[in-house]
Amino acid sequence: MTGNPVTASSNRASARPAASSTILSIKGLTKIFGGLTAVNSVDLEIPRQSIVSVIGPNGAGKTTFFNMITGIYEPSSGTVDLDGVSLVGMRPDQVTQAGIARTFQNIRLFASMDSQENVMVGRHSRLKAGYIDSLLRTKRFHESEKEAEDVANLMLEFVGLARFRHELATNLPYGDQRKLEIARALATSPKLVLLDEPAAGMNPRETEELKSLIRRIRDDLGVTVCLIEHDMRLVMTLSEYITVLDYGSKIAEGLPHEVRNNPKVMEAYLGRGAAAGEYGKEEILKGGANA
Amino acid sequence: MTAIRPGSQPPVTAPDRSIALIVLAVISSALLLISQESSWLSRLPSALANFLKNPLVASLVLTFFLANLLFAYRWNASLWAKLLVGGLSLFLILPWAGRDNTSVLDLAIQIGIFAALSLGLNIVVGLAGLLDLGYIAFFAVGAYTWGIFGSGQIGKVLTYFKDNSANNGPVVAVGGLVLLIITALSLRAINRVGGKRTPVANWAFLLAALGLVIGVTLLVRGLVMLAAANAAGLTSGVNPNFFWLFLILAIAAAASVGVLIGLPVLKLKGDYLAIITLGLGEVIRVLANNLGTYTNGSQGITPIGSASVPWFNSLAGAIGFSPDQYNLFFLYFVVLIIIAVIVLANMRLDRSKIGRAWIAIREDEIAAQAMGVPLVQTKLIAFATGASFAGIMGVIFAAKQGFISPESFILNQSISVLSMVVLGGLGSIPGVILGAAVVTILNISLLPSLGEATASLNLPPQVNPAQLQRLVFGGILVAMMLFRPEGLLPSVRQRRMMHEDDDPSGNMTPQDSIAGELNPENAAEVYSPGVATRADNERGGGTQ
């Protein structure tokens with residue numbers, strides 16, 4: 001996308017030659033549930049190897065927006081292109097195969113599996129071995145299993161959970177479960193990872209760890225990150241570009257400081273009075289408090 | 001016994017029980033052989049002989065003998081002792097005991113059949129989490145596949161077509177073939193136009209699927225008409241040696257029906273899936289009832305042939321089987337081999353990416369799909385795999401009974417296989433085999449013999465065990481689910497899930513009491529799908 005201020009800044013992190021500076025291009029994305037327009041004609045361009053955020057008050061349509069990108073909902077209209085390939089109409093597993101992985105707002109780990117197996121499931125779509133290979137225990141099967149295990153261990157190490165490898169996923173502390181979801185998503189070798197409220201329920205120390213983890217995902221793995229988040233401090237310090245949704249429509253976008261000072265955003269979060277300059281808006285939107 | 005904690009080493013090693021195992025095996029084998037052998041019984045004092053002849057005692061002796069196999073599997077004993085006990089019991093003593101009293105072999109084959117059914121249903125319900133209440137339909141498909149061709153029924157079908165249709169077989173066959181090719185080509189074209197990226201209109205697929213079904217039907221009908229000329233040659237079915245081919249064909253037939261039934265219903269979940277599979281299971285039974293031309297309707301098909309291997313028959317003869325029991329002896333060993341193959345396939349699938357995908361779907365469909373697991377395809381594989389196990393055992397069932405009718409495939413059978421899976425332990429291979437054995441022994445041997453043993457007491461019907469079999473069985477199921485909901489031999493997963501809150505300090509919990517006899521090391525190793533544990537190879541022997 002030309003003229004996007006983030007493009008230039010994200011180039012410094014660019015490790016691979018990029019076909020185009022935009023990795024995900026969304027145009028006019030709309031979802032209508034019965035009479036309710038949950039997401040109304042939203043455009044979004046995510047630059048390659050950037051960290052961008054989608055924010056908005058509760059019920060603004062952020063998760064619906066994610067669900068449309070990942071194929072869980074089919075958009076009522078609009079287009080989603082990942083590196084020039086249209087994702088509309090794909091099943092979630094095909095979207096994952098195409099290169100988008102995600103985590104969930106309410107943690108969705110596989111309860112009866114240990115951490116390692118959880119992450120190994122994430123590798124599913126990249127393994128070459130099939131049904132017959134599994135039955136006959138061919139060479140390809142053994143290679144695939146080894147690959148799955150290696151990737152799982154690597155990713156567990158990456159998010160700092162290597163010591164919990166054989167612990168049941170549900171036994172992990174809450175913050176670690178969120179990290180495990182991130183490891184599982186990364187095991188799919190995505191181009192873009194969507195994090196749905198990764199900091200929800202985390203204490204300040206865990207949030208700091210998460211912040212550096214998200215940066216490492218971009219810097220070390222070269223994966224583009226898009227997050228939905230309520231923690232303003234996290235969003236403002238981490239994101240290179242922010243899109244704000246309210247009542248399903250995009251009301252603002254831009255660099256963190258631009259968004260922070262946008263009257264429409266203040267209005268959406270704090271009500272009309274705050275937007276007019278009362279009630280210490282600065283403190284709230286600078287990240288002095290969690291919205 | 002401590003709760004199994006991930007990553008923790010088994011704290012205690014149970015004493016080696018090789019000697020105990022062998023002693024028990026010898027005692028139980030001796031008891032079994034004596035109680036089944038009329039010539040030996042007659043030499044015993046009559047009081048003792050009568051005691052051993054008591055149906056309940058005989059049934060308990062048999063149960064005790066079979067329990068040895070469980071001990072051999074679970075106890076901490078040296079490998080040679082386990083293999084010796086398992087091997088001798090299965091390959092020598094059981095067939096030997098069965099030559100005088102065929103009910104022993106009959107029970108063993110019945111256990112084998114239900115073990116295979118349970119293993120198949122375990123994949124669908126236990127691993128993939130799809131509650132299938134019509135599972136017995138696949139068993140029926142396998143049974144009828146061999147039943148029709150292995151008996152005079154095929155001759156009757158051909159004669160019917162010879163008498164009732166104009167001589168247009170070639171036209172119908174060629175028409176069907178052409179339709180088949182056209183739809184196959186158009187499906188390919190649809191696929192190419194649509195590609196993987198964009199959805200293809202549902203109607204296009206529906207039309208193509210319809211064309212495919214009609215094409216296959218016409219082709220088969222045409223071929224049947226063509227073959228009708230040879231009806232006279234098939235009045236007693238195809239050559240019995242085609243039995244082997246039909247084992248494979250039944251797998252294919254049952255798997256195809258599994259996919260056909262699965263395609264429309266697998267979008268549903270939970271209760272809805274259960275009800276619709278129940279309905280489709282009944283549809284298959286009603287079809288068997290109403291397609292009288294092919295299945296002989298409610299009167300059933302009989303006699304159904306079975307393969308025979310000459311040297312095997314002479315072996316049976318040498319041991320002392322009478323010629324009409326050769327077939328049972330032969331099928332017993334076929335069942336053993338098939339079970340071994342099924343267990344191996346089950347374990348391998350389970351510990352692979354397919355197995356992980358099944359469990360992922362069971363735990364959370366949306367998350368599984370978001371991680372790249374194709375839902376419909378993975379569920380269909382589960383359905384088809386489970387169905388194929390039932391299909392191959394259907395052939396065995398038809399060959400063993402020599403008679404099949406729709407009555408053999410009623411809803412009750414589906415429920416009873418499900419109860420075996422749940423009783424044994426959802427998702428646990430040794431568990432469901434044990435579940436199948438326990439339920440089959442209870443239903444076929446123990447409970448009926450309880451009735452026989454008390455028949456002479458002239459109890460009033462209200463308290464007569466003969467009348468109360470189902471009640472007793474129901475009571476056992478209820479008690480099991482209350483006190484040991486994870487099943488007799490739960491999978492490690494289930495165990496870990498259900499016993500997270502157990503006191504880890506080593507106190508025995510009520511739930512652990514049945515397993516309390518066991519060696520914790522073994523218990524920890526009841527294998528975990530998706531993760532290879534050590535001692536895989538050890539576990540294979542003597543467990544079926």
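**Group meeting: a predicted two-chain model**

Okay, confidence to begin with: chain B has a mean pLDDT of 82, with 86% of its residues at 70 or more. pLDDT, for the record, is the predictor's confidence in each residue, from 0 to 100. As this is a predicted model, local features need pLDDT of at least 70 and side-chain atom pairs count only at pLDDT 80 or more, while totals for chains, interfaces and linings use all residues. Residues are numbered from 1 along each chain as its sequence is written, and chains are lettered from A and ligands numbered from 1 in the order in which they are written.

Within chain B, helix 7 (residues 136-149) has the highest confidence, at 95, and helix 24 (residues 536-540) the lowest, at a mean of 35. Helices here are DSSP runs of H or I with at least four residues, strands are runs of E with at least two, and both are numbered from the N terminus. Residues 1-10 of chain B sit below 50 in pLDDT, and that stretch has 28 contacts beyond near neighbours in sequence. A contact means that the C-beta atoms of two residues, placed from the backbone, lie within 7 Å. Residues 502-544 of chain B also stay under 50, with 82 contacts beyond four places in sequence. For the model, ipTM is 0.86 and pTM is 0.83.

Next, the interface. On chain A, 40 residues are in contact with 33 residues of chain B. Helix 3 of chain A gives the largest share of chain A's side, 5 residues. By type, that side splits into 17 nonpolar, 14 polar and 9 charged. Nonpolar covers Ala, Val, Leu, Ile, Met, Phe, Trp, Tyr, Cys and Pro; charged is Asp, Glu, Lys and Arg; the others, Gly among them, are polar.

Now chain A itself. It has 13 helices and 10 strands, and 49% of its 291 residues are buried. Buried means 20 or more other C-beta atoms within 10 Å of a residue's own, exposed means 12 or fewer, partly exposed is in between, and the C-beta atoms are placed from the backbone.

Pairing takes at least two DSSP bridges between two strands.

Let's look at strand 3 of chain A. 5 of its 5 residues are buried: Ile51(A), Ser53(A) and Ile55(A) point one way, Val52(A) and Val54(A) the other. Strand 3 of chain A runs parallel to strand 8 of chain A, joined by 4 bridges, with Ser53(A) partnering Leu227(A). Strand 3 of chain A also pairs with strand 9 (residues 241-246) of chain A in the parallel sense over 4 bridges, and there Ile55(A) is opposite Val244(A).

Which residues of helix 11 (residues 263-270) of chain A are buried? Val265(A), Met266(A) and Ala268(A). They cover an arc of only 165° around the axis, so they lie on the same side of helix 11 of chain A; that arc is taken over the directions from the helix axis to the C-beta atoms. After helix 11 of chain A comes Gly271(A), with a positive phi near 95°.
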